Amino acid sequence: MSKKRIKEIAIQHFNRLGYEGTKMAQIAEEAGIRKQSLAYHYSSKKALLLELYEEVVQEEQQFVRQFFSDSVTQTHALDQQLYAFLHEHKNRFLTHPNVAFMYILSFITPLEVHDFVLAKYRTYLGTLKKELAAVFTRHPDIRLSPEEATVAFVTVMDGLDVQLVYETRQSYEQALAITWNVFWSGIQR
């Protein structure tokens, strides 16, 4: 059994059952290995979660960098780039269990791993803010500074993430339609 498969199963369990509800014995059983074999790879559930979370954050940082450096994306108007990012962000959450894991854990963080998750999530936010600030810097036709526009966008995104974590895709889309108009009207000159 590969570590990759163990991680896939673990993420499914963490997403479905939360940290407290996830049991190493269940992961091992679903992976078709003995609990002792799982312990060879991961000494504890905490160790497994820490490795997973760090990898997922790195993947999402790479996605953000790639999205905003993509020459196709850069040829679109600013509003199209930002809206496309929010749309892709939603799709990734809904179709990539790793992304859902990252966001769910950042909202519902077990006390045992709180400091680690917070630190790693902040590195993701740092990457996101850096990329957004660069995008806003290339578009001087907005009335806010790049830093202010970045804060406004991340705040909108945080509110939309609440819809994904606690509500439904439909509530995300409804909230996006409303908040996007307010956001875009508010940053234009």
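This is a predicted model: local features need pLDDT of at least 70, side-chain atom pairs count only at pLDDT 80 or more; totals for chains, interfaces and linings use all residues.
Residues are numbered from 1 along each chain as its sequence is written, and side-chain values use heavy atoms, with hydrogens and water left out.

Student: How many helices and how many strands does the protein chain have?
Tutor: Helices (H or I, at least four residues) and strands (E, at least two) are taken as DSSP runs and numbered from the N terminus. Read along the sequence, the pattern is α-α-α-α-α-α-α-α-α-α. The count for the protein chain is therefore 10 helices and zero strands.

Student: What percentage of the 189 residues of the protein chain count as buried?
Tutor: Buried means under 20% relative accessible area, exposed over 50%, and partly exposed in between, with a 1.4 Å probe and protein chains only. The C-alpha atoms fill a box of roughly 60 × 30 × 30 Å along the principal axes. Of the 189 residues, the share that counts as buried is 42%.

Student: How are α1 and α2 oriented to each other, roughly parallel or roughly antiparallel?
Tutor: Helix α1 (residues 3-21) and helix α2 (residues 24-31) have axes 10 Å apart and pack at an angle of about 150°, where axes are lines fitted to C-alpha atoms, for helices over the stretch in contact, and angles run from 0 to 180 degrees between N-to-C directions. Angles under 35 degrees count as roughly parallel, over 145 as roughly antiparallel, 65 to 115 as roughly perpendicular and the rest as oblique. The two helices, α1 and α2, are therefore roughly antiparallel.

Student: What is the orientation of α6 to α9, roughly parallel or oblique?
Tutor: The axes of α6 and α9 come within 11 Å, and they cross at roughly 30°. That angle makes α6, relative to α9, roughly parallel.

Student: Is Lys 90 buried or exposed, and what is its relative accessible area?
Tutor: Lys 90 lies in helix α6 (residues 78-95), and is among the residues of α6 that meet α9. Leaving aside neighbours within four places in sequence, Lys 90 is in contact with Leu 164, Arg 169, Tyr 172 and Glu 173. Lys 90 is buried, and its relative accessible area is 5%.

Student: Which residues does Gln 163 touch, not counting residues up to four places away in sequence?
Tutor: Gln 163 has its place in helix α9 (residues 146-166). At 18% relative accessibility, Gln 163 counts as buried. The residues that Gln 163 touches, with that exclusion, are Thr 168, Ser 171, Tyr 172 and Ala 175.

Student: How are α7 and α8 placed, oblique or roughly antiparallel to each other?
Tutor: Helix α7 (residues 97-107) packs against helix α8 (residues 114-137) at an angle of about 125°, with the axes 10 Å apart. The contact is made by Met 102, Tyr 103, Leu 105 and Ser 106 of α7 with Val 117, Tyr 121 and Tyr 124 of α8. From the angle, α7 and α8 are therefore oblique.

Methods:
Contact means heavy atoms within 4.5 Å.
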